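Please look over the model below.

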Amino acid sequence: MSHVVDERVAELLLRAGDEGTCYVPDGEDAGNIRRALSRRVATGKVVSPARGMFVDAALWRQLKPAQQALWIAHGLQLLHPDWVFCGPTAALAYGVDVSDALTARAHVATLPGMRGSGSGIVARHPVLEVGDGRPSIEVVDGLRVTPPDQTVFDCLRWADFSRALGVIDSALRKGLVYRDELEEFAAEMTSRRHGAHRVISTLPWADPRSENGGESIARGRMLLLGYARPELQVEVPKVVEEGEPYRADFCWVRSDGLVILGELDGKGKYVEEELMGGRSIDDVLSDENIRGSRFTLYDVSLMRFRFGVTEHPSTFSALLDEYGVPKRGSELALPDGVPMVPDWEALRRVK
């Protein structure tokens, strides 16, 4: 009998995993299945991320925080079919880059006047719109979520500046929202939603050219420290090889002619399969080193840094200062509106 139960439990967990959700027992045998799963939770073979939800422990450990958050949201939707997700949870459903720090709880929208906040894994927010002719609910991959403009708006007013940039850069890059429409939405909400002014002040700094959330957050932390806005994804012509130019994550051109390239080295590019493109870790590391060495064919200052250093303001500021990154408004910073386009031919060390 135990063997039959083991097979049944394994099948149910596998099926739920294939559907991208935590398993939620239902049906006539739900009680027996739930008790069997609870025993396996005690042995560490199964985890229960939230009450009433179960996942194979080995599979759960393989998921990234964003994936775990989505699996929990799908499980909650099974338990509560009438719930509507908002903010960071809805943004994940739309495929937007969301900082792991914002995914620890499932964000659920409620009607105005209902209790906000919440406890445990769920955070409730009275943000649903009624009676104004706007659609208040969309369904994305089986999840009931707030519309894109409201979703991004809520993320920007709840998150700190740097993490908010990660959300808005990604949303603009994916075409989920448009800057002018979001500006109009935020203006409409100024008198109705606390924090709308934060959205309005963040939008001018957004840039869809940022390739991922890590680069956006790093840029946000540079800006908070007072440094000049960098040019993003600047093309660096190849000298040795033919083909498409290399691209630098960040670039500053100072008034004295010094060009500074910034490269964010994230561990993800060395371990995530989709970023490695089928290459081995040794191949990826070799390609990165070659790419960095090619930048030195030009008379530039090349600053490489890991994401972790951006979390320590004094250390990050010291690094930026060491490489000569200018502060906004300083004599070395180009005036706003002056394009930062390096003269690569003039910067060639050997011609």
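Predicted model: local features only at pLDDT ≥ 70, side-chain atom pairs only at ≥ 80, totals over all residues.

Residues are numbered from 1 along each chain as its sequence is written, and side-chain values use heavy atoms, with hydrogens and water left out.

**Confidence.** pLDDT is the predictor's confidence in each residue, from 0 to 100. The protein chain averages 88. At least 70 is reached by 88% of the residues. Among the elements (DSSP runs numbered from the N terminus: helices, H or I, at least four residues; strands, E, at least two), helix α14 (residues 313-322) has the highest mean pLDDT, 98. Helix α12 (residues 273-276) has the lowest, 40. Across residues 268-277 the pLDDT is below 50. That stretch still has 18 contacts in the model beyond near neighbours in sequence; a contact means heavy atoms within 4.5 Å.

**Helix packing.** Helix α6 (residues 148-158) packs on helix α8 (residues 179-189). Their axes, lines fitted to C-alpha atoms over the stretch in contact, are 10 Å apart. The angle is about 70 degrees, on a scale from 0 to 180 degrees between N-to-C directions. The two are therefore roughly perpendicular; angles under 35 degrees count as roughly parallel, over 145 as roughly antiparallel, 65 to 115 as roughly perpendicular and the rest as oblique. From α6 come Asp149, Gln150, Val152 and Phe153. They meet Leu182, Phe185, Ala186 and Met189 of α8.

Leu172 sits in helix α7 (residues 161-173). Its contacts, leaving aside neighbours within four places in sequence, are Val177, Tyr178, Arg179, Ala206 and Pro208. Leu172 and Val152 are 20 residues apart in sequence and 10.0 Å apart in space, C-alpha to C-alpha. Gln233 belongs to strand β8 (residues 231-236).

**Burial.** Buried means under 20% relative accessible area, exposed over 50%, partly exposed in between (1.4 Å probe, protein chains only).

| Residue | Relative accessible area | Class |
|---|---|---|
| Cys86 | 0% | buried |
| Cys251 | 0% | buried |
| Leu172 | 15% | buried |
| Gln233 | 11% | buried |

**Cysteines.** A disulfide is a pair of cysteine sulfur atoms within 2.5 Å. By this rule there are zero disulfides. For Cys86, the nearest cysteine sulfur is that of Cys155, 8.4 Å away.
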